[in-house]
Amino acid sequence: MASSRTVCVMDASGHLGSALVHLLLHRGYTVHAALQPHPNGFQSVEELLPSSNKNLKIFDADPFDYHSIIAALKGCCGLFYCFQPPSDHSTYDEFMAEIEARAAHNVLEACAQTDTIEKVVFRSSVTAVIWNESRTGSDLDEKNWTDINFCKKFKLWHALSKTLAEKSAWALAMDRGINMVTINGGLLMTPDLTITNPYLKGAAEMYEDGVFVTVDLRFIADAHICVFEDVSSYGRYLCFNHVISCSHDADKLAQMLLPSSDPSPPQSWEKARIYQQRISNKKLNNLMMEFENDQLLSN
């Protein structure tokens, strides 16, 4: 039988993965931190994870090696899955979609074979929701899916990869009866964010369409734990806490992404255009509000 408080975080080496490890340990979980093998061994594990914590176990788990995934999941009641591109193919190109979808399939298949797993929280992306031909249609929410052919036509490789990986995961989860929830996150705001981030392909169109959204690391990490611990969570959850909807926001982000660029000229706020938000995160916000209220009542 699994300990009701033992969970796996895979891959634990990224910003979100390592943040989840810290938060879960703080909440009293035993955590299996699964990291992809690296040519030089675990890369800066000591910097990423509190290796002295007795409730932390580190696993070498390759998403393309089924048996290593099974080993990391052993005894766990839950999995937090955050794909990290392999070290030998770190660029989002036309081939990444197949790689990411295959990794998702392997991980979900391993979950299906692990009888202690009760819930999977799968990190996906807003880019798996927003891209299709009718960009000026109605507001978008969790029911919407990115059009695969649209992504191929405009070489939106990040969106294509996230969409195919999430669809692959959902197909297997439904076929095998796995209790899975996805967090479709906005652009993750981290100190090392640059203009080369693959999420930003099509940023101007996202901005004009009112769907250019960002999310802070702590917010998305809290969202993962909320949907895991709340028994009423289901399906997909759009996760963001800021919308880039006016020129001031866009200039501020541009200066962050391009710190060496010349500062933008002052904006006239009366004339600055504001694009109407066309994407909703009400489903997640309602769940997190209920979750936080329950936490307060239980303390």
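## Basis and confidence

In this predicted model, local features need pLDDT of at least 70 and side-chain atom pairs count only at pLDDT 80 or more, while totals for chains, interfaces and linings use all residues. Residues are numbered from 1 along each chain as its sequence is written, and side-chain values use heavy atoms, with hydrogens and water left out.

The mean pLDDT (the predictor's confidence in each residue, from 0 to 100) is 89 for the protein, and 86% of its residues reach 70 or more. Residues 265–271 have pLDDT below 50, and in the model this stretch has three contacts (heavy atoms within 4.5 Å) beyond near neighbours in sequence. Where pLDDT is low, predicted coordinates should not be read in detail.

## The sheet 7-8-10

Helices (H or I, at least four residues) and strands (E, at least two) are DSSP runs numbered from the N terminus; two strands pair if DSSP finds at least two bridges between them. An open sheet of three strands has the order 7-8-10, and its pairing is mixed. Strand 7 and strand 10 are at the edges with a single partner strand each, so one side of each has no neighbour in the sheet.

Strand 7 (residues 187–189) pairs with strand 8 (residues 213–216) in the parallel sense over three bridges, with L187 opposite T214. Strand 8 and strand 10 (residues 242–243) run antiparallel and are joined by two bridges; V213 has V243 as its bridge partner in strand 10.

## The second largest pocket

The second largest pocket has a volume of about 210 Å³. A pocket is an open set of points, on a 1 Å grid over the protein atoms alone, where a 1.4 Å probe fits, with protein on both sides within 12 Å along at least five of seven lines; lining residues have an atom within 4 Å of a point. Grid points are joined across faces, edges and corners, and the volume is the space filled by probe spheres set on them.

Eleven residues line this pocket, and R27, R218, D222, I225 and F291 are the closest to its centre. Helix 1 (15–26), helix 8 (217–229) and helix 10 (282–298) each supply at least two lining residues. The lining has five nonpolar, two polar and four charged residues (Ala, Val, Leu, Ile, Met, Phe, Trp, Tyr, Cys and Pro count as nonpolar, Asp, Glu, Lys and Arg as charged, the others, Gly among them, as polar).

## Backbone features

M10 and D11 are joined by a cis peptide bond, with omega about 0°. D11 lies in the loop between strand 1 (6–10) and helix 1. K155, not a glycine, has a positive phi of about 55°; K155 is in the loop between helix 5 (148–154) and helix 6 (157–176).
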